[in-house]
Every structure is written in structure tokens, then in C-alpha cells.
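Subject: The two-chain model, with notes

Hi,

Here is the structure I promised to pass on. Please have it open while you read my notes.

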Amino acid sequence: MIGNSERKLALSNIAVAYTAFLIGTFCGLIQVFMRNDRLELPAWLDYYQVLTAHGVLLALVYTTFFIYGFLITGMSKSLGTFGPKVRLWSWIGFFVTLIGTVGATIEIISGRASVLYTFYAPLKASGWFYVDLALLIIGTWIMSFALIGHYMQWRRKNPGVLSPLFAYMTMATFALWIISCLGVVAAVLFQYIPWAFGFVDTINVELSRSLFWYFGHPLVYFWLLPAYMAWYLVIPKLVGTKVFSDSLARLSFLLFILFSIPVGFHHQLGEPGVSDFWKFLQVTLTFMVVIPTLMTAFSLFAVFETSGRQKGAKGLFGWIGKLPWSDIRFTSIFIAMAFFIPGGAGGIINASFQLNEFIHNTLWVVGHFHITVGTPVAMTFMGISFWLIPYLTGRTLGKTTKKLAYVQIASWSIGMILMSSAQHVLGLLGAPRRTQYSHYNDNPTVLGWFDGFFSNTATIAIGGTILFFSAMLLIVIVLRLWFVEPRSLENDLYAEFPIAESDSSATPKWLENWWIWIGIALALIIIAYAIPITHLIQDAPPGSKGFINW
Amino acid sequence: MHLHKFEKIWLAFGIITLLVFLGIVGVTAFAQGQTPAGGLDIIDPEKVDTTAPFDKPGVRKINDNTYEVVIKAMTYGYEPSEIQVPAGKEIIFTVTSKDVVHSFTIPNTKVNMMVVPGRISHKSYTFEKPGTYLTLCNEYCGTGHHFMYTEIEVVEE
């Protein structure tokens, strides 16, 4: 059991995460029925407000708070109890993030910030919305630096020793997060806030978009890396074996730091202001991420197969039957991984330079991130919740809750297959994303979108309803694990933090020399961004004044 | 660092596939001119109506095989609202925005570009079949975003 203060800290983060999850998924339910033209909102609420809340609460708030809850617990578990300074700064960081989150949510709900979670200028939200966003990010930095301090203390006490894999991966995640946030923090502090409060009249729109996407793509890896930590460290334990290769696990995390940041232009392929050369260079760097992804896939299947063979599996695929399917902690994360196969394939299409034009800003993209962040990441977090919450509350995962958890995971999977397939197909046909229901004056092209079995807004609504049912079931499960389940007894498997052994005796020491890797990452960022960003600043057109189109 | 033999094969296969893939994308882009929309020209977003070529939006014949269509995007529509172009000819769309970020998107074609205030986007496209083509905005631009569309008439020459 970890220290009491860390327990409270982690639980507070998880509580905020699931509160955001509750409101955010409800917003999702409203959207699927509005897009199906079956629901009208009261006059004080509009579709784009709901959409903004859905994006911010699920993609930013649920993920971020859950990640810190998980990492705080794991860091305390693998490096020991926090000292007073680490504790204090973790709490300060938590509250700063919370203030930013609550403030931003109030601005959105009161209709002063219907700018969606990408907040593209020159749509202008209230100045406080941007201040709240800055607080949200700075709060996460404070929590990150508190944990980095904890790690540095451990390194000082253990000179010349490689850190435990969990701590190492946490540090890699923070390196990625802190470097990538520099872009959005620069945009918010130096562009949006002075402009929104009226200190300057205009804003450089293309620069703000580029700074946003410098942050926006690594953001998705910030969600993904903690999920990968569960795949690399928790899964081998659950199937009864060790981490496949300590050094490869570390190397793949380093490659994610290098190749997830200098790639933001692949979100801006169809826009003016950046020349084809820089767009293509960043496309090339984007695809380098295929390498650590293939390494991860290999490690995972190697873990599955070795564990199956140890249990006596025969034949080419006999090991599949030996996996612990009756353990919901395993099955949930396994399904999450399976969703990442089509999710990753779709990502390759999105980033493919010209091919991007077919799907850019269509519903395809919405389908894509629901089977990347919305399932591989979110369902891994659900799978983590099934043991992390009991571990922190000192309870156990009882039989009834376990059954509920199977229903929850199954319904999330079915709902997501229906909804995201429909979105993918509709997007290929050309239906736009981020758009309230519209038949464009009964245009025949548009009416043709809704004839198919999958290309149908009813399919989206059915999928969305099943997903909402699943989300509410998850809230029930979380509450049961928190307050209702019996106290865990000794040697209760479900009340443990499952973390696999990792043999680092053959791991080269240079893998933990952060300065080398952060240096290479910065060099790649400068190569990919210095010239096009300079161009956007020096050869800028007159700026844009703000617009409040809602 | 130890790599399992199967992992070496797996990674080599993956990396070679990746290089071939990037090679194909690069050749089609730069040797065959199949690049996404873009453009480096700038404009004062406050003075779009008085700046050429946007002071006279519409269809302009450049030569026998090429036409330029100059369009202004604004909340929530496009100017001019009626556009007629010939099938089988190269059409160069030249678009800017008078206010916020929009898109200029013709579903089922390769025309899908962002329109950013202060900047001018270009895309060249040849319509093979005559007909009425829906054109819409797929970047959120305000509460009327889903009403922002127009139609392009493509006619037999």
C-alpha cells in the first residue's frame, strides 16, 4: 500500500476525471440525437456549446486527470513514498489544474466560449477562457515537476542504477508533455490573452494554428503513453510473465519523444502559409512513429505467446486460449488494443499528404479518434480503473461488479463499432464533422449519405445510446469500487497494483541519459519548425480582429 | 542491446514498407504535382473587397484549357453565389476569407481546403462530369456553420 497522502492525491485526480466523464458523455448523447434531427435544445444552449464541452471534458479533462491519478500511484509504488515537498507541490498542481478546468467549463456552459476545443482564432472567446486554459496546463506542469523531483531524489540515492521501468516511462511521458505544451502556452500567453482582453487589436491566425498543432499532435501521444505503460507493464503481470525486453520498452518510449512533436503540420496539410516542402518533411517524421508502434506490437504478442506456451499451449495459435479471459482487467485492455489496429491504420491514411484531402474535417476524423483515444486509450483507462480504484480505496472487485464490468466493456465495444463505423463511412462520402444536422436544402448528394446500413445517422444514434448506457454503467462501477465493495483481505489479487518484473541487467545506460534524447528531440523540432515559423511571423499579413459568431 | 531474430525480421519488414510508402507519396507529390491545397500569397483581411482579384470575384478564363474561379468565403456563405464552369478544363480555385477560418470543400472531389483570413488558398481541379456540385464549409465558423454552402454548376462545353 502506498502512502496516505498519495492515495488521496490519486483519488482526487480520479474523482475529477470521472466527474468530467459523466458530463462529457452526456453531451455526447445529446449530440448523436441532434445529428439525427430528433432533438431540439432549449434556446439558451446550442449544439456547438455542447460539442465544445464534450471535446474539452473528455479529450482534455478526463484523460489528463486520470493520467495523473495513475502516474502518481505508480511513482509512489515504484520509487517509494513522496517527501513533504513533492506532496505539497503535487497538491498545488492539482488545485491549479482544477481551477483552470472549472473556470473553462463555466465559460463554455455560460456561452462565452463556443470555440470548440481547438479554439481557432479569430473566433474570440472571453479572455478568462484562455486564462483558464493556461492554468490547466501550468497546473499539470507543476504536478509533473513535483514527480520529476521525486524521481531525481531517487536517482541521487541510487547512483548508477537504471530507474524502475514505470518511473522511466513516466519521465518520458512528462518530457513529451512539457516540450509539446510550450507551443500552446506561447500561443495562449502571447497571442490569445493580449488579444482577447483588448491589449492588442489583431492576431496572427496562421501562427496561432501552427503553434496549436505543434501541441495538438503530441497531445494524443500524451494520452497514449500512459495506456502503453499499462500494455508494457500491467499486461505481462496479468498473463503471468515478465516484460518482454526492458531495453526495447525504454527505446520505444524515447522514439515517441523524438517523433511525436516535429509533426504538427500533418494536421494542416490543406492550408495556406506553409510550403509543400515543410508539410512533406513533417509527414515523413510523422511516419517514423510506425517504428516504435511496431516494436510495441511485437512485444505484446511475444508476451501473449510466451505466457501461453508456458501454460502448455500447443500449435500456432493455441496460446490464444490460454490467455486469462476471465480476468476483466486483462480482457478490457486486450479489446482496447484490438481497437488500436484499425485506429492506427486510419491514422496512416490521415497523415498521407494528398490522401488527407479526402477525409480532412469529415466525419471520418471523428470516427478515427473514437477508435484511438475513445477506445484504445479510454478503455485501457477503464481497465486500469477496475484495479486502481480498489487498490487506492482498500476494497476489492467483487463478483457482481466484475459482471457489470464485463457488460460495460462489451457495450462500449459494440456501441463504438456501430458509431465509429458509421462515422468513417459517412466521412468517406463527404459528410462534414463539427456540424449540426443539416440536409443543405435537401441536396441530393447529402440525402444520398444516409441511405446505407452504416452510412446512417440512426446507426450513430444507436451506437451513441449504447455508449452512454455503458458510460453510466462505468460510473456505477466506479462508485461501487469507491464506497460499496467489501474491504480487501490479504493476498487479494484484485486489490493489488499489477506490475510486471522487468530485467534491466542488459539494458544500456545511455537509454537513461535524458539530456541526449531531449537534445535530439529539440534539434528535430528546430529542423522541422524554425524556418516555416519564422516565415509565418516575418511575412505575416495584417492580423485579424476577433469575431464572436455565436 | 539484444534484438530477437523474429523482431529483426519484423522491424526490417516494417521499415522497408515504410520507406517504399513514403517514396510513393513523395514521387506522386513532387514528380507528378499531386500536392495538397495551399499557397503563400497574403492579403489584408479587412480589405478583401477592394483587393485584386477579390474585387471582381467569379469565373475568369485564363486560356483555352484553364479557368480561374475567385471566391470570397464569409460567415455564412460564399461570394459569388452562382458559379458555372466547364467540364474537362482545369479549374483553379482561388479563395480567401473575410472573417474567420472556413473551408472550401466539394465532397467527392479532391477540393477540400482550409480558408484562412489573411491568406489565399489555391487548388486546381478538373471536373470530368457535368452536374451540380455541392460545396460546403467543414470548419466550424459559428452558430450558422451548418447553413454555409453553395453549389457549383459544371456544364458541357
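First, some housekeeping. This is a predicted model, so local features need pLDDT of at least 70 and side-chain atom pairs count only at pLDDT 80 or more, while totals for chains, interfaces and linings use all residues. Residues are numbered from 1 along each chain as its sequence is written, and chains are lettered from A and ligands numbered from 1 in the order in which they are written.

**Chain B**

Chain B has one helix and 10 strands; helices (H or I, at least four residues) and strands (E, at least two) are DSSP runs, numbered from the N terminus.

Strand β2(B) (residues 66-74) has several partners, where pairing needs at least two DSSP bridges between the strands:

- With β1(B) (residues 58-63), β2(B) pairs in the antiparallel sense over five bridges. A hairpin of two residues joins them, and N63(B) has T66(B) as its bridge partner.
- With β3(B) (residues 77-79), the sense is again antiparallel, over three bridges. Here too a hairpin makes the link through two residues, and M74(B) stands opposite G77(B).
- With β5(B) (residues 90-97), β2(B) pairs in the parallel sense over eight bridges. K72(B) stands opposite T96(B) there.

As for overall shape, the C-alpha trace of chain B spans about 65 × 40 × 30 Å along its principal axes. Its radius of gyration is 20 Å, whereas a compact globule of 157 residues would have one near 15 Å (taken over C-alpha atoms; the globule rule is 2.2 Å times the number of residues to the power 0.38).

**Where the chains meet**

In the model, 53 residues of chain A are in contact with 54 residues of chain B, contact meaning C-beta atoms, placed from the backbone, within 7 Å. On the chain A side, the elements that give two or more residues include α6 (205-238), α8 (276-287) and α9 (290-310). The most comes from α9(A), with five residues.

**A helix in chain A**

Helix α10(A) covers residues 328-350, 23 residues in total, and should span 33 Å at 1.5 Å a residue; its end C-alpha atoms are 33 Å apart, which agrees. The expected span is 1.5 Å times one less than the number of residues. There is also a bend of about 25° at I341(A), with a proline, P342(A), following within four residues (the angle is between axes fitted to the seven residues ending there and the seven starting there).

Best wishes

Technical notes:
Two residues are in contact if their C-beta atoms, placed from the backbone, lie within 7 Å.
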